[in-house]
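Please have the model open and follow along.

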Amino acid sequence: AVTPEQSGLVPPSDLSQIIANTNQTYGDKQTGEVSMSVVGNPPTGVIVNIPGTELWGPGAGDNPMDLTGNAEQAGWNGWSAGSEATADAIAQLYESNGIPPGTPLMLNGHSQGGMIASSLAANEGFASQFNVTNVMTYGSPVDNYDVPTDVNQLNIQHRWDVVPRIDFEGLALGPGGGGPEHATTITLDSPGEHPLDVGTNHSSAEYQQSVQTQLQDPNSALSQYSQDPSLQPFLQANPDSVQHFTSGVHRDN
């Protein structure tokens with residue numbers, strides 16, 4: 001358990017603040033970490049925040065959020081050490097805090113983190129243990145994951161972000177081979193000046209800003225989506241009604 005002062009995590013009052021918590025989970029040392037927010041007492045919902053790729057070297061080290069993890073997630077099995085470690089962290093959170101397994105669970109991630117979130121929701125073994133009701137990804141190529149139809153899935157992408165499109169809309173190798181048609185994809189204006197500005201268009205901070213701007217317009221697609229009943233167990237502005245947790249994630253070499 002961590003305090004907001006220790007972690008920088010904030011109450012998940014809207015979708016942009018959930019994204020802000022994922023961005024905060026990247027941390028400074030990039031040692032591999034996920035964060036989790038338990039909303040309500042007793043809990044009405046649990047949010048898991050999964051950062052994207054942190055290490056780009058060719059070797060597979062202790063931190064599973066690396067280039068090797070990217071390759072594993074994009075492969076036919078659609079599963080990686082990051083998926084396994086995140087699943088373990090969630091199981092430990094539920095067990096340590098007595099959270100009922102039927103509590104609504106939202107999986108949220110940027111880039112590789114969104115791939116991990118989708119792979120967990122699509123995994124029958126994981127889904128049989130937890131009540132996954134929502135998945136939110138941003139800047140993630142997730143069309144290859146066959147997420148069940150009863151999961152409310154939101155995929156956010158910048159118009160010029162090439163990363164969410166590297167799976168060629170499900171044509172690349174992967175377990176789903178086309179992705180769930182029921183998923184909601186919302187494309188936002190790009191912050192970069194041109195398509196080759198990959199760093200800006202894929203930036204997790206820029207995604208947070210774009211979503212925050214969209215939510216200020218009550219007629220935007222994101223504002224309308226935010227009214228979905230499945231999201232309400234997770235949205236809470238009162239810091240006294242939210243507990244935050246962090247967990248290291250590691251690769252078993």
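In this predicted model, seven strands form an open sheet with mixed pairing, in the order β6-β5-β4-β3-β2-β1-β7. Start at the edges: β6 (184-188) and β7 (242-248) each have a single partner strand, so one side of each is left without a neighbour in the sheet. As you step from one strand to the next, the twist averages 15°.

Now look at a pair within that order. Strand β1 (residues 33-39) and strand β2 (residues 45-50) run antiparallel and are joined by five bridges. Here you will find Ser37 opposite Ile47 in β2.

Next come the helices that lie across the strands. Helix α5 spans β2, β3 (104-110), β4 (131-138) and β5 (152-158), and runs at about 150° to β3. Helix α8 (residues 204-215) lies across β3, β4, β5 and β6, at about 110° to β5.

Stay with α5 for a moment, as it also has a helix partner. Helix α3 (residues 67-74) packs with α5 (residues 112-122) at an angle of about 40°, their axes 10 Å apart. That angle makes α3 oblique to α5, and the crossing is left-handed. On the α3 side, Gly69, Asn70, Gln73 and Ala74 meet Gln112, Met115, Ile116 and Ser119 of α5.

Finally, turn to helix α1 (residues 4-7), where Ser7 is found. Is Ser7 buried or exposed? Its relative accessible area is 14%, which is under the 20% cut-off, so Ser7 counts as buried. Leaving out residues up to four places away in sequence, Ser7 touches Val2 and Gln24.

Notes
Residues are numbered from 1 along each chain as its sequence is written. This is a predicted model: local features need pLDDT of at least 70, side-chain atom pairs count only at pLDDT 80 or more; totals for chains, interfaces and linings use all residues. Side-chain values use heavy atoms; hydrogens and water are left out. Axes are lines fitted to C-alpha atoms, for helices over the stretch in contact, and angles run from 0 to 180 degrees between N-to-C directions. Helices (H or I, at least four residues) and strands (E, at least two) are DSSP runs, numbered from the N terminus. Angles under 35 degrees count as roughly parallel, over 145 as roughly antiparallel, 65 to 115 as roughly perpendicular and the rest as oblique. A crossing is left-handed if the near helix is turned anticlockwise from the far one by less than a right angle, and right-handed if clockwise. Contact means heavy atoms within 4.5 Å. Buried means under 20% relative accessible area, exposed over 50%, partly exposed in between (1.4 Å probe, protein chains only). Two strands pair if DSSP finds at least two bridges between them.
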